[in-house]
Amino acid sequence: MVETPRFIIDHIVSDGAQVTRPSIDPYREPVETHLYLFNGTLRLSMPVAIGGLRDLGKEEVSEVIRACYRMGVLVDLNGLTEVPEEALRRQSHAIAPIGAANSSMVNALQLTISGPDATELETMRPVHENQTLVARVPPLEDTSFYRDLFEAGFRGIIIDEDLDHHDAVELEVATSVCDRALKVPGPDGLPMRNLISLLVSSERLRSSSDAFKLIGLGAEVVVLPEAWKIAIDYRPQMERPLLSERLEYFLIGVQKELKLLAGAAGVSSLWTSLVGSRELFRSIELDNSLRVRLGVKSAGEW
Amino acid sequence: MSGEPLEISHVKSGCGVFGVLRKRGAPPISPEVALAGIECVRYRGSRFGAGFGLVRTGPQSRRIKAFAASDEVAEELRRELQQRIGKVELIGSEYASDGKIYASYVFEPVDEQDHRSLRRSIGAVNRAFSRPTIRARIYSWGRYVEVFKGIGYPSDVYELYSLSDKVEAADLWISHTRQPTNSPGRLPIWSHPFASGEWAIVHNGDVSSFGANMEFLSSLGADSFVGTDSEVIALLLDYLTSEIGLKLEEACRALVNPFEGSEDTLTGQQLSALRGAQLDGPFSVVAGFSDGNEAFMVVLVDRFKFRPIVVGEDENYFYAASEEAQIRRVSPNARVWTIEPGGYMIASTDRGLIRPGRRARELFMRFSSSVRHPTPTGVVIDALGLNHSRINSLLRDLAVRGCEEVSLINVSGQRYIGVGVDRPLKVKIHGTPGNCLANFNDCVDFEVFGSVQDDVGDVMHGGSVVVHGDARDVLGQALQGGYVFVKGNAGNRCGIQMREYSHKRPYMVIGGTVDDYLGEYMAGGVIVVLGLGYEDSDLPLVGKYVGSGMVGGRILVRGEVPRDRIGYLPPREDVVQYLRGLKLDGELDDRTFRELISAQHLDYEILRERLAPDLLKRVGKLFEHKYFRRLRIEPVRLDAERFEDVCSVLREFGKRFSLEREVERALDGRFTLIEPLRGPTVDAVRRELPKEEG
């Protein structure tokens, strides 16, 4: 039984390894899932982050923050009204909620307009050099918008599909458009894309495989605001050790699945080989115009 | 074995690569050497592509070379080129086209342009001639680098360009024979070498990072590709060195991308800046480069070492090849060594060996350079010009006729020697046997006066293989009877999946050192690494991932084995991060935290020693998976009672190589025993733990 495709992502398949490009068994040989964000200043153990903490109790939020820190993954605090004490002590691995900016954390600024103009971006420049400023934006299909964000000095972009916008497109398209928009020479002759980090988030993301494909379309980190709650059978007021234990096992499970998916494609390093590597993917039953917008070839295409 | 003897009539293999570089003061290299080095492994390729590349230093004029469908297209291309880079002359074609194949045309620009704008112009012209189908393609445009490639075997392409008559000796040659996989072999544009600027490369492999690499190159302005993973390697080397300004070594490290935790891993900052330039999946690459003053040979191999590569040197030259037999063909007494997984070798005409391809420089120095060649005994067969089928049928006939001993002389790369010989026979091999020696061997005793290549003794049930030189990769895979002795060093993945039965236990003894994955998936038998000659050195005798996935058998390594080389561990950074979290949570005291993170190895055993069971359970989840087995790692002496069988095998090893004294000395010393811990699995231990409260 195969579920009926619901999203674009369900029409995208990984171009697997074959005889001359052997698969890698991640149980016995290394498949690297770690990555660096913000010009190498933050190492994460895997390209998946936890979000969706709005409805959690204060103690539960703290438990999630602690578990994420131990596991070396980012936690997206968006939706909270204030930064919990726990997060301040673990600020390297937390993204501050909108409106609760803290100068030494990863701060997200929400842009709700379809394209910021120069003066508006001017006001968003980092207060001081060490500040890691990321832009939280709805999924837009606008090349110059993403380049403007780079020019404005943002060190990261979070494309959040759960932000409403009248011009919003599917996350798959926006991810690929953003990734490709930044694939131009930047300062020091390096690709602009390599000087800014791209994160994506959506409540509809279900699995490691969804994350794997979004990484292939250009995301460095995929935030899962809902999937983890379903997977660990989250309930309000659940026992805190149980919450963190299950969350940790969930993350380990996701990491293993990502390794298996990468290994099956003959890839031993997700971050360096997979991010934006659309050539490793093919699409099934997608029309040509959408394929072009995604930058993904059709199945069977050389 | 019963029934019809196993006969392998056809050899099919991956691509073959070869490279040779002149040392300062040595005579320049004639194209014949490049041909001899690659024709030796003709069977690695097919008629679908071969080629040669040279590097010449000193004042040279630039030659722009393109394949074109006809003289008219070539003229059109000249005009297009002229529009961009000033006056261009069409010198002529290098061989006549019969209309079915592209001819190769040579152009000379009158004015010199800077490297970047020339590369941009070449890209633009190539792009213009590739829509909707490729009508012409510039494939070589260096001042010091020149490529000759086409369809056919290496000898065909050599003839096509009349290399021996028309092309003079050079500082460096690379050559290639192709077995196409992911791009067609009907046009010469897909043949190797691939060149960009002053770089030319030949490649064996199939790069899984191809998409990411293309994206990286596109970000820097590269906009025309023929669509093979090999082409991007040449482009990456050119862009990284000429556009981003990396030094040779930095560019090599960026491409091979050693695993996190290796001593030459790139920093997070470097990786961020260069993300997308890393090669993944299988590759072995031989590259030539020149800045005009000196010529460089660069050899790269992937982090798993999924493709074969050996390098060597003699008084006058450096070599690189897919198989040792290639190097021995042109320089019988060269010193040959292997490159470590994720390693790179750099040599130059002026500076000699800059990087040996092994992190510990001393290690490669001890690889056997010359082997004593005794007078052949028994029935002597000259293997020169004989293929493996002929050799094996001669061996079978002799065995049937009751012959006891055969000497094969002048062996040079023939594969499968001894396969299908099902009666006891002593086979002495003089020279370099090809891959898959003694596969499925049951009763033949092989003795090799030289080194052996890859995949020796695969699924061997009995008999023996005694090697007086070195062995390369995948030695004794699924070895399940008899013994394999190597006097020198062995390569990657030795003794993987070895196994034993109640009445049969295989032994593998290595006199020198081994690389990564020793005894991976091992299920039985005994491996001993003696490290003879390394007694006074601190260098580890084994590579990484020793005994990973091991479920049975024993590995004995003389001296101490760094614990982080045993098994397959989660990334150290992840474990440290977990402990850091526990410390912040107030669950781990600062002192224990500091002790743990400053420990040289951060494996399951040290956590077990230092952490309370509840904390071990929590951090232990990073280590566990369904195949996780704890290993017993124990310093031992080989006492006669517990290791009776091992001692007698080692004494036999000493006798065979006249190393009795060295072996006795080793027997007096300490070994590290590695074997799966028989006892409760981690799961069982977990079940015994008290239930967590709250």
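This is a predicted model: local features need pLDDT of at least 70, side-chain atom pairs count only at pLDDT 80 or more; totals for chains, interfaces and linings use all residues.
**Chain B as a whole**

Chain B contains 19 helices and 28 strands. Its radius of gyration is 27 Å, close to the 26 Å that the globule rule gives for 694 residues, so chain B is as compact as a globular protein of that length. The C-alpha trace of chain B spans about 80 × 75 × 45 Å along its principal axes.

Of the 694 residues in chain B, 63% are buried. Among contacts in chain B with a separation of 6 or more, 63% are between residues 24 or more positions apart. The accessible surface of the chain comes to about 25,800 Å², and carbon and sulfur atoms account for 46% of that area. Chain B carries 88 positive and 96 negative side chains; the centres of these two sets lie 1 Å apart.

**Helix H16 of chain B**

Helix H16 covers residues 613–620 of chain B, and its buried residues are Leu615(B), Leu616(B), Arg618(B), Val619(B) and Gly620(B). These buried residues pack against elements of both chains: helix H1 (58–71) and helix H8 (240–264) of chain A, and helix H13 (572–584) and helix H15 (604–610) of chain B.

**Salt bridges**

Over all chains, a search of the whole structure finds 80 salt bridges. Three of them are listed below.

| Residue | Partner | N to O distance |
|---|---|---|
| Arg90(A) | Asp585(B) | 2.6 Å |
| Lys297(A) | Glu279(A) | 3.0 Å |
| Asp590(B) | Lys583(B) | 3.3 Å |

The side chains of Arg90(A) and Asp585(B) meet in a salt bridge. Arg90(A) lies in the loop between helix H2 (85–88) and strand S6 (94–96) of chain A, whereas Asp585(B) lies in the loop between H13 and helix H14 (590–598) of chain B, so the pair joins two chains. Both Arg90(A) and Asp585(B) are buried.

Within chain A, Lys297(A) forms a salt bridge with Glu279(A). Lys297(A) belongs to strand S13 (residues 297–298) and Glu279(A) to the loop between helix H9 (270–274) and strand S12 (281–283), so this pair ties together parts that are 18 residues apart in sequence. Lys297(A) is partly exposed, with a relative accessible area of 25%.

Within chain B, Asp590(B) pairs with Lys583(B). Asp590(B) is partly exposed at 36% relative accessibility, and Lys583(B) is partly exposed at 29%.

Salt bridges that share partners also build one network, which joins Glu59(A), Glu63(A), Arg66(A), Arg70(A), Glu86(A), Arg90(A), Arg240(A), Glu245(A), Glu248(A), Asp585(B) and Lys621(B).

Conventions: Residues are numbered from 1 along each chain as its sequence is written. Chains are lettered from A and ligands numbered from 1 in the order in which they are written. Side-chain values use heavy atoms; hydrogens and water are left out. Helices (H or I, at least four residues) and strands (E, at least two) are DSSP runs, numbered from the N terminus. The radius of gyration is taken over C-alpha atoms; the globule rule is 2.2 Å times the number of residues to the power 0.38. Buried means under 20% relative accessible area, exposed over 50%, partly exposed in between (1.4 Å probe, protein chains only). Contact means heavy atoms within 4.5 Å. Accessible areas come from the Shrake-Rupley method with a 1.4 Å probe; for residues, only the protein chains shown count as cover. Lys and Arg count as positive and Asp and Glu as negative; His and the chain ends are not counted. The place of a charge is taken as NZ of Lys, CZ of Arg, CG of Asp or CD of Glu. A salt bridge is a side-chain nitrogen of Lys or Arg within 4 Å of a carboxyl oxygen of Asp or Glu.
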